[in-house]
Each structure stands twice: as C-alpha cells, then as structure tokens.
Amino acid sequence: MLKNITLGQYFPGDTFIHRLDPRTKLIMTVVYIVMIFLADNFSAYIPVVALLLICVFVSKIKPKLLFSGMKPLLIIIGITALINLFYTSGEELVSFWIFTITKEGVRAAIFMMLRISLLIMGTFMLTYTTAPMQITDGLETLLGPLKKIKVPVHELAMMMSIALRFIPTLIEETDKIMSAQKARGADFETGNLVQKAKAMLPLLIPLFISAFRRADELATAMESRCYNGGTGRTKMKQLKYGYIDLIAALIGMALLAAVILLNIFGL
C-alpha cells in the first residue's frame with residue numbers, strides 16, 4: 001500500500017510538459033482546479049478530462065502511476081460518495097431502514113467522486129513533471145508581491161519544497177519499519193479496521209523519531225552552510241517564459257472557456 005503513494009515523486013523527462021516554466025504549471029494547476037469546481041454537468045467535465053489526458057499523453061507519464069497513486073485514497077473517496085448518496089435530499093429512488101437514495105444523491109455522489117479523483121490526479125501530474133526546487137522557485141516568484149506586506153514568501157516556499165522532498169523518504173522509512181516489525185512477528189494484514197489501526201501504533205514512535213532526527217540533521221546542515229533565508233539570495237537558474245508557456249496558457253484559457261460555455265448550454 002505504501003509503495004503506491006507517489007505524491008511528491010518527480011519523474012525526469014524532456015517533454016513539452018517537463019520544459020514548461022514552473023510558474024506556468026502552477027498557474028495551469030490553479031486553472032485546472034477552477035475548471036473542476038466550475039463544472040456542474042457531465043458535458044462540462046469533458047474539457048477537464050481532456051486537459052488531464054493531454055498532460056498524461058504529452059508528458060509520457062504512465063497512466064498506471066496515476067491509478068496506483070489513487071489506491072490509498074479510495075476509502076476516502078468511497079466514504080465521501082456514500083455521504084453524498086444517502087444524505088442528499090431530492091426525488092426519492094430507493095428507501096431502506098434509515099437510508100434514502102435520491103436522484104440528486106446519485107448525481108452528487110458521482111460528481112464528488114469525479115471531482116476528487118480529477119483533483120488528485122492533476123496534483124500528481126504537477127509533482128511528477130516538476131522538480132521540488134522548480135516548484136519552490138515558481139511559487140516564490142508568483143507570491144513575490146506579498147513580500148511588500150512582510151509575508152515570508154521564501155520561507156513558505158522552502159517549507160513546501162522540503163515537505164514534498166521528504167514525502168517519498170518518509171514513505172520509504174515507514175516501509176522499512178513495517179518490514180522490521182513484521183520480522184519480529186507483527187501482523188498488519190489480518191483483523192478488522194480497529195485491530196489494523198491498533199497494529200499501526202507501534203510504527204508511530206520510531207517514525208516520529210526518524211522524522212525529528214532528519215529535521216535536526218537538515219537544520220544543522222543549513223546552519224553550517226550559513227543559510228539565512230531569502231535575504232540577498234540569488235538563483236543559479238533564472239526562470240524565463242518561452243513560447244511553449246504561451247501555447248500552454250492559450251490551451252488552458254480555451255478549455256476554461258469551454259467549461260463555462262458547457263455549463264450554460266451543456267447537459
């Protein structure tokens with residue numbers, strides 16, 4: 001299960017998507033999220049799915065990576081869908097015990113599952129095709145105007161970069177601890193949900209110790225290199241917009257307009 005979590009991983013490549021400026025990818029991710037929450041009928045989701053499929057095809061990211069990354073989140077998606085299915089009022093279809101399924105509930109459940117799935121997959125595509133340092137630089141540049149009102153933009157961007165960087169490391173560390181516990185007779189597979197949750201408790205202490213140790217080592221390494229935040233810092237690689245960023249922006253705006261039009265005239 002842990003090996004299926006791919007959030008924060010970066011897969012190097014030389015595709016159109018990989019070569020985009022990180023600022024463009026961050027803006028397009030926001031546009032993509034806006035498209036997801038603007039769509040309120042099935043036809044309006046066509047441009048959203050089209051944008052995701054284009055990114056997957058052009059970036060040469062294997063679709064199975066997206067679906068395998070979704071596996072740990074299926075329970076959350078399922079619970080959310082059930083809540084919408086049983087607790088949305090409207091035209092009654094089926095009623096049993098204390099549960100009532102309505103036509104509007106079925107529609108809301110399908111839409112919620114679709115929205116969450118597309119949202120997660122789009123986020124995965126950002127981290128799959130953009131190195132953590134590129135995300136940091138792009139985010140810091142986009143939030144640059146906030147520096148005028150004393151917002152610690154550099155520190156926020158750095159924290160995000162460190163968090164993304166250490167997600168795969170902590171997952172690998174957890175997997176090692178689980179393997180060590182299994183070798184000592186621990187059982188994480190059998191039993192009901194409560195028993196499985198209790199079996200996971202012995203993992204927390206060594207995992208927290210490992211995380212704090214890594215954080216202390218990172219802080220010591222940054223201090224030894226005289227790191228003092230963003231004041232007076234320069235960048236080895238300067239971000240520059242290119243014609244491919246313009247093409248990506250035009251595609252994004254066209255698909256956003258398509259979602260708005262399909263909301264009005266679609267089914």
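The structure described here is a predicted model, in which local features need a pLDDT of at least 70, side-chain atom pairs count only at pLDDT 80 or more, and totals for chains, interfaces and linings use all residues. Residues are numbered from 1 along each chain as its sequence is written, and side-chain values use heavy atoms, with hydrogens and water left out. The chain has 10 helices and two strands.

**Confidence**

- The pLDDT, which is the predictor's confidence in each residue on a scale from 0 to 100, averages 81 over the chain.
- A score of at least 70 is reached by 89% of the residues.
- Confidence is highest in helix H2 (residues 22-38), with a mean of 90, and lowest in strand S1 (residues 92-96), with a mean of 74.
- Where pLDDT is low, the predicted coordinates should not be read in detail.

**Overall architecture**

- Helices (H or I, at least four residues) and strands (E, at least two) are DSSP runs, numbered from the N terminus.
- Along the sequence, these elements follow the pattern α-α-α-α-α-β-β-α-α-α-α-α.
- Of the 267 residues in the chain, 33% are buried; buried means under 20% relative accessible area, exposed means over 50%, and partly exposed lies in between (1.4 Å probe, protein chains only).
- The chain exposes about 16600 Å², of which carbon and sulfur atoms supply 70%; accessible areas come from the Shrake-Rupley method with a 1.4 Å probe, and for residues only the protein chains shown count as cover.
- A contact means heavy atoms within 4.5 Å. Among contacts between residues at least 6 apart in sequence, 74% join residues at least 24 apart.

**Helix packing**

- Axes are lines fitted to C-alpha atoms, for helices over the stretch in contact, and angles run from 0 to 180 degrees between N-to-C directions.
- H2 and helix H7 (residues 132-142) pack at about 75 degrees with their axes 8 Å apart, and they are therefore roughly perpendicular to each other.
- In this pair, Pro22, Arg23, Leu26 and Ile27 of H2 meet Gln134, Ile135, Gly138, Leu139, Thr141 and Leu142 of H7. The contact of H2 with H7 has six nonpolar, three polar and one charged residues. In these classes, Ala, Val, Leu, Ile, Met, Phe, Trp, Tyr, Cys and Pro count as nonpolar, Asp, Glu, Lys and Arg as charged, and the others, Gly among them, as polar.
- H2 also packs with H6, at an angle of about 175 degrees and with axes 10 Å apart; the two helices are therefore roughly antiparallel to each other.
- The residues of H2 in this contact include Tyr32, Ile33 and Phe37, and those of H6 include Leu118, Leu119 and Leu126. By class, the contact of H2 with H6 has eight nonpolar, three polar and two charged residues.
- Helix H3 (residues 45-59) and helix H10 (residues 243-265) pack at about 155 degrees, with their axes 8 Å apart, and are therefore roughly antiparallel to each other.
- Pro47, Val48 and Leu51 of H3 meet Leu255, Ala258, Val259 and Leu262 of H10. The contact of H3 with H10 has seven nonpolar, no polar and no charged residues.

**Buried residues**

- Thr24 lies in helix H2 and is buried, at 6% relative accessibility.
- Not counting residues up to four places away in sequence, Thr24 touches Tyr241, Asp245 and Ala248.
- Met125, in helix H6 (residues 103-129), is buried with a relative accessible area of 6%.
- Apart from neighbours within four places in sequence, Met125 is in contact with Leu52, Cys55, Val56, Ser59, Ile61 and Leu66.
- Met125 and Leu65 are 60 residues apart in sequence, and their C-alpha atoms are 9.9 Å apart in space.

**Loop residues**

- Lys235 lies in the loop between helix H9 (193-224) and H10 and is partly exposed, with a relative accessible area of 31%.
- Lys235 touches Asp137 and Glu140, not counting residues up to four places away in sequence. The C-alpha atoms of Lys235 and Asp137 are separated by 8.6 Å, although the two residues are 98 apart along the chain.
- Lys60, in the loop between H3 and helix H4 (63-70), is exposed at 68% relative accessibility.
- The phi of Lys60 is near 60 degrees, a positive value in a residue other than glycine. Most residues other than glycine have a negative phi.

Terms used:
Angles under 35 degrees count as roughly parallel, over 145 as roughly antiparallel, 65 to 115 as roughly perpendicular and the rest as oblique.
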